[in-house]
Amino acid sequence: MQAAAGSPSSSTTTTTTIASIAAADPDDDSISGSNLGGSGGAPGATAIQSWWESISKARSRILSLASLLSSPDLALLADSDGPARSLLDSPAASAAISAALSAPSSGTGDDPLCHWLYDTFQSSDPDLRLVALSFLPLLSGLYLSRVVVSSTTAAINLPSLAGFEAVLLAVYAAEVKARGGKPVLVSVPDLSLPSLYHYPRQPTSSSSARTPPRPSVGVLSPPLEPQIAVKSTKRACIVAVALDSYYKNISSMPSRSKIDLCEFVAEWAGQDCPCRHEFDDDDVNPSALSSSPAASASSWPHIRISSQENREIGGPAEEMQKLRIREGPNGNHCNGEEEGSRVLRRGSRVPLPWELLQPVLRILGHCLLAPLNPQEVRDSASMAVRCVYARASHDLMPQAILASHSLIKLDGSSRKVAKPKTTSANASKPNTPSKLKKPGVFLVPR
């Protein structure tokens with residue numbers, strides 16, 4: 001594999017790059033010969049050397065992956081100007097790696113692809129680390145789903161998941177080192193004051209005797225302890241820390257990675273009951289967000305009380321009845337799946353403690369509200385956060401209910417704001433032909 005980095009094509013690229021630098025403007029001090037030799041040449045030579053080392057490492061990892069997956073087409077990515085970035089944005093590479101990770105025999109201790117992801121994440125090249133992190137949603141989803149299946153079935157010959165655990169532990173160890181044994185804190189200002197701008201700039205004689213307001217401090221994450229193995233009591237914490245590391249780099253992640261996470265979160269929640277459409281309006285809930293036409297909140301009127309009149313008259317008793325498990329058509333339950341909503345799934349319902357839901361909800365918030373995300377990512381996140389709300393409602397998790405409810409409201413508001421713009425831009429009379437406008441004439445003074 002290493003011999004490929006020094007191939008004739010690679011040496012030709014190096015010669016061409018150095019020759020182009022030497023052929024540049026001689027008056028430019030940044031690339032002049034005085035900066036390439038002697039005391040001033042050390043920074044320039046070091047920069048070129050480090051650049052070439054990163055290119056060589058990326059090419060080596062790509063050629064190793066192409067040999068591992070028996071895909072000669074992936075080797076073509078090694079010839080690009082930015083091999084690591086090309087690998088991160090390649091749909092073909094993503095599909096090949098996802099198919100290999102989704103195989104029933106994947107995730108074992110001797111899985112070569114898990115070894116490749118582990119070594120790639122340990123690289124010093126930031127783009128290569130992003131490549132490994134981009135498959136963390138798929139790896140985490142498969143890992144948690146298979147752990148639950150292995151614990152609930154009586155099968156003895158289920159494959160080990162040591163390969164998945166090694167990658168998760170590598171990301172966890174990097175985050176432990178980055179935090180340095182300190183907790184993650186958040187400061188909340190004094191809520192007794194009208195606003196943040198009412199803090200006195202200079203203490204006066206009357207206010208000097210009073211104790212200044214102290215902002216309250218909340219702990220988002222306690223100090224992390226080093227782990228050498230994935231124990232059942234620490235499994236949710238390790239996966240949560242890995243997803244938090246993914247969230248820190250989510251702006252560089254491709255769309256398919258975000259969609260993988262949203263799909264697995266919906267499957268982790270496992271709540272396809274009508275509760276997920278409780279806060280949807282008719283004009284906000286698009287048909288694309290549902291897997292079947294029968295998945296509306298009013299499709300089973302005998303299961304849920306959806307009429308506004310009954311909601312106003314019944315009071316708390318009516319609201320409590322919504323959380324009760326009731327049978328629907330064909331023996332379905334409110335906390336089960338809707339009729340016709342069964343689709344091909346890669347994951348399964350897993351335990352969702354609050355420490356795991358925190359990074360998940362942050363990622364869903366980015367997928368819902370980030371302006372540069374495509375519509376497909378937003379639709380997947382919209383379905384996932386509704387499933388999380390339905391699961392939290394049945395599990396009675398107040399933090400998750402408040403957080404997911406807020407994201408649902410924000411999603412509905414953003415869709416309402418975007419809908420008039422779309423309709424006004426596309427509005428035209430079908431029977432009236434559009435007339436071509438004459439180009440405007442602008443007079444420019446000489």
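Helices α5 and α8 pack at an angle of about 10°, with their axes 8 Å apart; the axes are lines fitted to C-alpha atoms over the stretch in contact, and angles run from 0 to 180 degrees between N-to-C directions. That makes α5 roughly parallel to α8, a label for angles under 35 degrees. The contact (heavy atoms within 4.5 Å) is made by C114, L117, Y118 and F121 of α5 together with G163, F164, A166, V167, A170, V171 and A174 of α8.

This is a predicted model, in which local features need pLDDT of at least 70 and side-chain atom pairs count only at pLDDT 80 or more, while totals for chains, interfaces and linings use all residues. Residues are numbered from 1 along each chain as its sequence is written, and side-chain values use heavy atoms, with hydrogens and water left out.

**The chain as a whole**

- The protein chain has 15 helices and two strands; these are DSSP runs numbered from the N terminus, with helices being H or I of at least four residues and strands E of at least two.
- Of its 446 residues, 38% count as buried, meaning under 20% relative accessible area, whereas exposed means over 50% and partly exposed lies in between (1.4 Å probe, protein chains only).
- Among contacts between residues at least 6 apart in sequence, 74% join residues at least 24 apart.
- The accessible surface comes to about 25400 Å², and 58% of it belongs to carbon and sulfur atoms; the areas come from the Shrake-Rupley method with a 1.4 Å probe.

**Two helices with a buried face**

- In α5 (residues 112-121), the buried residues include L113, C114, W116, L117, T120 and F121.
- Seen down the axis of α5, its buried residues fall within an arc of 155°, so they line one face of the helix; the arc is that of the directions from the helix axis to the C-beta atoms.
- D111 caps the N-terminal end of α5, with a side-chain oxygen 3.2 Å from the backbone nitrogen of L113.
- Helix α4 (residues 91-101) has A93, S94, I97, S98 and L101 as its buried residues.
- Down the axis of α4, its buried residues fall within an arc of 125°, so they too line one face of the helix.
- On the other side of α4, P91, A92 and A99 are exposed.
- As background, an α-helix has 3.6 residues a turn, so residues three or four places apart point the same way.

- E175 lies in helix α8 (residues 162-179) and is buried, with a relative accessible area of 5%.
- The side chain of E175 makes a polar contact with the side chain of K248 (2.3 Å); such a contact is a pair of N or O atoms within 3.5 Å, where within protein one must be able to donate a hydrogen and the other to accept it, and residues adjacent in sequence count only if both atoms are side-chain atoms.
- Leaving aside neighbours within four places in sequence, E175 is in contact with L224, V241, D244, S245 and K248.

**Exposed residues in loops**

- K182 lies in the loop between α8 and β1 (184-188) and counts as exposed at 58% relative accessibility.
- The C-alpha atoms of K182 and P223 are separated by 5.1 Å, although these residues are 41 residues apart along the chain.
- S70, in the loop between α2 (41-69) and α3 (83-88), is exposed at 64% relative accessibility.
- Phi of S70 is near 55°, a positive value in a residue other than glycine.
- L396 sits in the loop between α14 (375-395) and α15 (398-426), and is exposed with a relative accessible area of 60%.
- Phi of L396 is near 55°, a positive value in a residue other than glycine.

Definitions and conventions. Angles under 35 degrees count as roughly parallel, over 145 as roughly antiparallel, 65 to 115 as roughly perpendicular and the rest as oblique.
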